[in-house]
Amino acid sequence: MTPTAPDTPDATAHVIAINDDVVTLRLDDPEAGRWVKNEVVHLCLPPDPGMERTRLEAEVLRVRGAEADAQVYEDTAGVGIGDPVIQSGEQLAVTLGPGLLGQVYDGLQNPLPRLEAIGGRFLQRGLDVPALDRQQRWSFEATVRSGDRVVAGDVLGSVQEGRFAHRIFVPFGWAGRFTVSWVQAGSVNLDAVIARLRDEKGREHPVTLTQRWPVRRPLTASLQAGGRTQRTYPDTPLTTSLRLIDTFFPIAKGGTACIPGPFGAGKTVLQNLISRYSDVDIVIVVACGERAGEVVETINTFPQLADPRTGGTLMDRTIIICNTSSMPVAAREASIHTGITLGEYYRQMGYDVLLIADSTSRWAQAMRETSGRLEEIPGEEAFPAYLESSIRQLYERAGVVQTPAGDTGSLTLIGTVSPAGGNFEEPVTQGTLNTVKTFLGLSYDRAYRRFYPAVDPLISWSRYRDQLDPWFRRELGADWRHRVERLQQLLRDGDDIQRMMQVTGEEGISDADFLTHQQAALVDRVYLQQDAFDPVDVSTPLARQKAMLELLDQVVAMHGPFADKAAIRATFTRLTDLFHNLNGTASDSDAYRQYRDRIEALASGKTEAAETPAPGPDTGDSDRENAGA
């Protein structure tokens, strides 16, 4: 707890009104001071007997002359009229430096395990704990020498953080040019000076392994303005190993996507698998407003999950930021900005970063509550009128950048949305859809039928298809896009026939239409669905996706001859079983080749060859469920 004198001589303002977590403040001497928007202030509560004052952190939201409205990031119980307020003169900021990976923070970058160690399971107010371990030592290797000229964003050296080279930069907010007057490599802690930089006026500035940056300002803003960092066009897909996403609704690496869906539709499972299997270096999970049980599950699960990229645990390259629905609303609103700032920091090192925000609906609800307490004019459904612009500003911080060191880094932002009742017409979902370029709409109906992932292919879309077309042509063949579009049209045709059958029954449609319906159902069941518990089917590399799609395209091109609808159903039931077994078989196994041969034989009408049993312990066809989650 930060000590303060009982009379708080450094206080410059006091509380004049309280409305839940929004307080109104007034300067003690308007002639001597002023308010700054987004400035961090501390409310000093009266101390208990024998105790020091508790300081609650708050952020100025609105300035009105000598008065200001601020949102408090902790419980305001006990705050009273006249309580002194200390101005920090700084905006809400996070600490950037080695030691971030593997941490679990709240929305203000307080390390939750250390808070628990100090105050127990029920977190105390006013605790001031460093975000990083100040005593841990790091082996710093310098890449500059005395006399070198540097500017903000230049690399001074690096330390090894796990398997990553964590670069140490000239602080991003420093203006002007500097000369390295002294630099020292060696084993140092976070507070040790590793270099001294002399500015153009001859003043020397010490540099440590850490720096501070305001979360509401893009990290690259000043670097882009000076031409030091360039944003580039995303031209590579984010490979998730989920067939439905990679094949039909791709997300660009450095792009944006949203996953809206009702409760129970599988958002948590889907985002966990995307985090685990996506081809990125760093994963940041921001749990802003979700139920505590789901967040605890994420915190407990990630350290136990094997990382397919490194062989270690997934937590080794993950940062978790959580503000559950039981935590203060104001800190929930800040948590996404904290996560994005950390993502921008690692992107500036040249790494590919994935940030998953779960869920932006709770983040928007926090803004709605704060806006209501500020008595702002409400927009649709009482959300603030600036909701859509806030969503846009959030997602615009994703992207691909060329760093001053010549590396390319990316920050991909995927936000989950939890619309009430699964209503995709509500303001948060619509504002998000107007901003992102990939939409993966979850369906409760598909989740109820145990389809995983429960993404509805008929309402989902990706605007990255044209943008990524050169990459797909180069890596997967010139006909890849046309094959995908044919299968998407088949899914739409199959849905139309399914609706017709609900009215007329099978007798009311032709054999050709029934064949189309069965072909569409096959694509949905064996390609769009994956078994989240099968060690093979849970992750499908792009090379295997290509081979599967070519085989599936060959099968759906089959037009008979079939004697009747019963023959069509029998054939496609058999194909479904064979594909399910194929999906759970390793690509380099004899069983995989045997299942593939049997599918090709059945597709070409050679039913006898299709009945040949596959080698290995599984000599028959399993009756797998359509989905395994």
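A crossing of two helices is called left-handed if the near helix is turned anticlockwise from the far one by less than a right angle, and right-handed if clockwise. Helices (H or I, at least four residues) and strands (E, at least two) are DSSP runs, numbered from the N terminus. This is a predicted model, in which local features need pLDDT of at least 70 and side-chain atom pairs count only at pLDDT 80 or more, while totals for chains, interfaces and linings use all residues. Residues are numbered from 1 along each chain as its sequence is written, and side-chain values use heavy atoms, with hydrogens and water left out.

In these terms, α6 passes α7 in a left-handed crossing. The axes of α6 (residues 329-347) and α7 come within 8 Å and cross at roughly 130°; axes are lines fitted to C-alpha atoms, for helices over the stretch in contact, and angles run from 0 to 180 degrees between N-to-C directions. Angles under 35 degrees count as roughly parallel, over 145 as roughly antiparallel, 65 to 115 as roughly perpendicular and the rest as oblique. The helices α6 and α7 are therefore oblique to each other. Contact means heavy atoms within 4.5 Å, and residues of α6 including Arg332, Ile336 and His337 meet residues of α7 including Trp363, Ala366 and Met367.

Helix α7 itself comprises residues 360-373, and its end C-alpha atoms are 20 Å apart, which agrees with the 20 Å that its 14 residues should span at 1.5 Å a residue. The expected span is 1.5 Å times one less than the number of residues. Because 10 of the 14 residues are buried, α7 is largely enclosed by the rest of the structure. Buried means under 20% relative accessible area, exposed over 50%, and partly exposed in between (1.4 Å probe, protein chains only). Among the buried residues are Trp363, Ala366 and Met367. After α7 comes Glu375, whose phi is positive, near 60°.
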